[in-house]
Amino acid sequence: MEVNNGLVTVMLPLYRERLEHAEAAIRSIVNQTYRNLEVLLFLDDPENDQLRQLACDFERQDGRIRLIVNESNIGLTATLNRAIKAAHGQYLCRMDGDDVSFANRIELQLGYLRKTGADLVGGFCEVIDDDGRFLYNVDNIPVNPQAVKRALRWNNCVPHPTWLGNASAFEGGYRSFPLCEDYDFLVRAELAGKTIANCPVVVLKYRMSKCSISRMGLFRQYLAQVYLTSNYGHGRLADIDEADAYIAARYSESKDNGYCVANGLFNEGLKLMREHHLLAAASKLFACMLRSSGYRGKVFRLLAAAMTR
């Protein structure tokens, strides 16, 4: 990979996002105040003619954009690894196809990266719903590298769609770790001696769709995180096959259903709290704690990570 100094490569995978969401995501990148960009649009659904046409239109209008269509659906992990290999930038930036970056996101994060000497930075984000309505901010995450290092023992505290880092920080690529390849990436980076921080500014609108609030698989993801952090706490690299066995031994459909319902209640409670409906919020959060012991563990981890700030 030939590196272009000062160039930021934005890796933006597309799959089956709503057309208006994908357009807003791409437009938020091409309109960045930082102009020295290479934008890689990776379409992981080669039969999605609408998204292909949208990406082609942007590619024709802006010479900084390259559309790359996967021959078949290979998944997010493999797509991001292809993007890392195709990138020419000194810096790499993550972006999802249904989120919206603030116009000065890259300028702010790149300045923070250079100022702190970090290898990789994330940032605060604003959570929105399918229709773009504000839900809540994610701004209680640790900022400085030592606090991030401690918090990763409990929870993923660097939102994946907000990542921006030196190209060298991405050289190891992603592993197909079950349901949390981004968390695995951060833990491996820390174990390899990389410096990770969070820019203390809201840099992106993260879209929380209805299906992502209630989707199945959240409990499996939680179990994978428990296994991952257990190894990280002992300074060990997590084994993927052992992670699969760990999850299988502790999984049940009823626990998954309960965890999923609790997650929905938790997000409703946070939204009500932001709207100052405190009694209603407390009711939702209390119901969440009763619904799933696994989710109680998740909330404990969130609080433990927040206390490292």
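**Getting to know this model**

Q: Is R16 buried or exposed?
A: R16 counts as exposed, because its relative accessibility is 55%. Exposed here means over 50% relative accessible area, buried under 20%, and partly exposed in between, using a 1.4 Å probe and protein chains only.

Q: What kind of model is this?
A: It is a predicted model, where local features need pLDDT of at least 70 and side-chain atom pairs count only at pLDDT 80 or more, while totals for chains, interfaces and linings use all residues. Residues are numbered from 1 along each chain as its sequence is written, and side-chain values use heavy atoms, with hydrogens and water left out.

Q: Back to R16, which residue does it form a salt bridge with?
A: R16 pairs with D45, and their closest N and O atoms are 3.1 Å apart. A salt bridge needs a side-chain nitrogen of Lys or Arg within 4 Å of a carboxyl oxygen of Asp or Glu.

Q: And where do R16 and D45 sit?
A: R16 is in the loop between β1 (4-14) and α1 (19-30), and D45 is in the loop between β2 (37-43) and α2 (49-61), so the pair links distant parts of the chain, 29 residues apart. Helices (H or I, at least four residues) and strands (E, at least two) are DSSP runs numbered from the N terminus. D45 is buried, with a relative accessible area of 11%.

Q: How about R274 and D139, how far apart are N and O in their salt bridge?
A: For R274 and D139 the N to O distance is 4.0 Å. R274 lies in helix α10 and D139 in the loop between β7 (134-138) and α5 (145-151), so this pair ties together parts 135 residues apart in sequence.

Q: How many salt bridges does the count come to?
A: The count comes to 14. Among them, D184 pairs with R175 at 2.8 Å between the closest N and O atoms, and D184 is buried at 0% relative accessibility.

Q: New topic: how many residues are in the largest nonpolar core?
A: There are 52, and W163, F170 and F177 have the most contacts inside it. The largest share, 9 residues, comes from helix α8 (residues 218-233). A second, separate core has 42 residues, including I26 and A55. A nonpolar core is a set of buried Ala, Val, Leu, Ile, Met, Phe, Trp, Tyr and Cys residues joined through side-chain atoms within 4.5 Å.

Q: Last one, what is the phi of H276?
A: H276 has a positive phi of about 70 degrees although it is not a glycine. H276 sits in the loop between α10 and α11 (278-291).
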